[in-house]
Amino acid sequence: MKVAEERFEKLFSKELISTIHNQEELVNKMVTEIKQLTDASHVGVYLYDHWKDDFELVKIASNGENSFRRYLFSDGILSKEENKRYHSAFNIYNGQDAFLQQYDYPAFLVALNKMDTKVGYMLIAFETELDDNDQFYHFLEKVASEINSLLNGLDDYSQMMEQASKYELMYRVTQKFHSTMNTNDVLTEIVDAIKYIYPDFSCNLFLSRDYQSDKKLPVKELIYNEEFAEKLSVKAFLTGEIKLEVDKNKSRLFAPLHGKQGTYGVLQITAYNISKFPESDVEFIRLLASTAGNALENAQLYQQSNQLIADLQLINEISHKLNSNLRLNETTLFMKQQLQDSFHAEEIGFVLLNEEEEKYQILHESTPFFDTTDASVFIEEMLQILQEEKDAIFVGDFTKKYPNRSFGLKAVMVMPMIQSDQLKGAIIILHKNPYFFSFENFKLIKSIVHHSTLAFVNSMLREQLENLVITDYLTKLYSRKYLDEKCKQHLETDREGIFLLLDIDDFKHVNDTYGHDVGDELIIQVANIIKNNVKNDGFAARWGGEELAVYLPECNLEKGMEVASTLVKLIEMRTEPKITVSIGIACWDQSNPEKMNAIFDRADRSLYEAKRLGKNGVAKL
């Protein structure tokens, strides 16, 4: 034994050990040399595996390796639960155990310790009888002591190098996190770090919001409603604590990605054929996830800041443009273009309310859908909701919320235009794809509409004021002054034209018989008949009292006579009480240019001629 000890010390000198760089190489050297030194038939080393939470066979040197493997695996002698069976004054199994006695050759189980913790076992077996005296046990203990020293030193070095590698990686990852404000870069760095440290593991990222990430990244939606409340990914997200799940085939770790203001997702790591995650690795993953959570938070806040600046710029540009005294149609067209360009809306409708008449008007600048019957029903329902709630409507999927009211468009936003607590109208924005508009889109559009409502109201009031100036209060036809201006413009640009002067026959008798209120109503009836019949061919005005005028641009005498005759017949047929009118007609063309006053005079003389001929007719001089 003394010679063996000397050989052992020489073989495992510091000079030799300095050439060994890893645990596998050291164990290979040990089992080979110990087998030669002791003339053992079998030498095997088991070391504790932190991931499998058990002792795993590292190396065998054996004359009959297969039978020796069966010997090692046939019972649970090396499992952690069986450690209590360990005995002997020399801290060595000496063959007294029934497990060892069932074989034909003696075997010894030598504990390998680190402080008070068993880190492994060395099993030595012999095919021949052996004098297992105290000197032999002392030798085995010395061998065990030397092996422990070597393994522990190498293990400390390996752990130190592993920790150094991890924290070097953490330093590089942290540098990368601080150098970018892009969420996709942060997510990519998390996945790459896990793959680098744990190449055999798989990972997923459960994120709490819709990140526009690279499709190659293992990103999944984090659903945290009641249906998924018991999932560990949800529990980790809600509690902010790491959760572990271990079964026979795989183990999963869920690490929350949380920053200072909240949790932004969960990192899931799946490991196969392991029993647990070592504490040091759990702590490293926790630190990585926490660092990543802070980086995601900073990137999100940065992107939110940029988006907020862009949103404010958009609101400012729109408000500045809308407050530049645009007409209503210009305001509507501008808003329509902005909503299409910025939010890619498919259908946009502009609805104005007439509170006096309790009706709504769809502006011509709205998209074609709003001319359909489906749109009419939809608008009436939405306006009713707006009248009641006075707040914007946001529906991700209209067909799900209202399954019986499908009209082909699913994403719905209805923005009320409220001024002085009064609902003035609404802007309706639609898309065929469900959930096409994000909540951020909704909030931004709501703010834009809020800022633009005053411009819409001002445009409407301006045009209403203009209409009051140029419109006769009673008949809603143009005023005499506006008619004069329009006719003068047409004289400068048209090739020809017709002017009609119309007077209600015996109007004084009507007033004396029915009263002035009925007289006013009859004037309105006549005005409406004229508007409905000449709106596409010309324009009409109240000339004065019971006299009305019509100008037909680019119209010849034949066409003018036809229009005048039609008006005479319709007025006699459709007025109640029945009345008649006389019409004087005057025509002009560029071959015989005239001033407007001269045309008016000829129309007036023609009117008197119609009266002289018996009324209820048309005359031309």
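Guide: The structure holds 14 salt bridges. It is a predicted model, where local features need pLDDT of at least 70 and side-chain atom pairs count only at pLDDT 80 or more, while totals for chains, interfaces and linings use all residues. Residues are numbered from 1 along each chain as its sequence is written, and side-chain values use heavy atoms, with hydrogens and water left out.

Visitor: What makes E241 and K243 a salt bridge?

Guide: The closest N and O atoms of E241 and K243 are 3.7 Å apart. A salt bridge needs a side-chain nitrogen of Lys or Arg within 4 Å of a carboxyl oxygen of Asp or Glu. The pair therefore meets the cut-off.

Visitor: Is E241 buried, partly exposed or exposed, and how do you know?

Guide: E241 has a relative accessible area of 46%. Buried means under 20%, exposed means over 50%, and partly exposed lies in between, using a 1.4 Å probe and protein chains only. So E241 is partly exposed. K243, at 22%, is partly exposed too.

Visitor: How do you know that E283 and R286 sit about one turn of the helix apart?

Guide: Both lie in helix α9, residues 279-322, and they are three residues apart. Helices are DSSP runs of H or I with at least four residues, strands are runs of E with at least two, and both are numbered from the N terminus. E283 and R286 also form a salt bridge, with the closest N and O atoms 2.6 Å apart. E283 has 37% relative accessibility, so it counts as partly exposed. R286 has 35%, so it counts as partly exposed.

Visitor: What makes D505 and K611 a link between distant parts of the chain?

Guide: Their side chains meet in a salt bridge, at 2.7 Å from N to O. D505 lies in the loop between β16 (496-504) and α15 (507-514), K611 lies in helix α18 (residues 596-612), and the two are 106 residues apart. D505 is called buried because its relative accessible area is 4%. Salt bridges with shared partners join D503, D505 and K611 into one network.

Visitor: Why are α10 and α13 called roughly antiparallel?

Guide: The axes of helix α10 (residues 328-343) and α13 cross at roughly 170 degrees and come within 9 Å. Axes are lines fitted to C-alpha atoms, for helices over the stretch in contact, and angles run from 0 to 180 degrees between N-to-C directions. Under 35 degrees counts as roughly parallel, over 145 as roughly antiparallel, 65 to 115 as roughly perpendicular, and the rest as oblique. So α10 and α13 are roughly antiparallel to each other.

Visitor: Which residues make the contact between α10 and α13?

Guide: On α10 they include L328, M335, L339 and F343. On α13 they include L444, I445, I448, F456 and M460. Contact means heavy atoms within 4.5 Å.

Visitor: What makes L465, L468 and V469 a patch?

Guide: They form a nonpolar patch on the surface, with about 330 Å² of accessible area together. Patch members have over 30% relative accessible area and no salt bridge; like charges are joined within 9 Å, nonpolar side chains (Val, Leu, Ile, Met, Phe, Trp, Tyr) within 5 Å. Areas come from the Shrake-Rupley method with a 1.4 Å probe, and for residues only the protein chains shown count as cover. L468 lies in helix α13, residues 439-470. At 61%, L468 is exposed.

Visitor: Where is N616, in a helix or in a loop?

Guide: N616 is in the loop between α18 and β20 (618-620). N616 has a positive phi of about 50 degrees, although it is not a glycine. At 28% relative accessibility, N616 counts as partly exposed.

Visitor: How do you know that the peptide bond from E576 to P577 is cis or trans?

Guide: Omega is near 0 degrees, and the bond is cis. P577 sits in the loop between α17 (557-574) and β19 (581-589).

Visitor: How many helices and strands does the chain have?

Guide: The chain has 18 helices and 20 strands. Buried residues make up 45% of its 621 residues.
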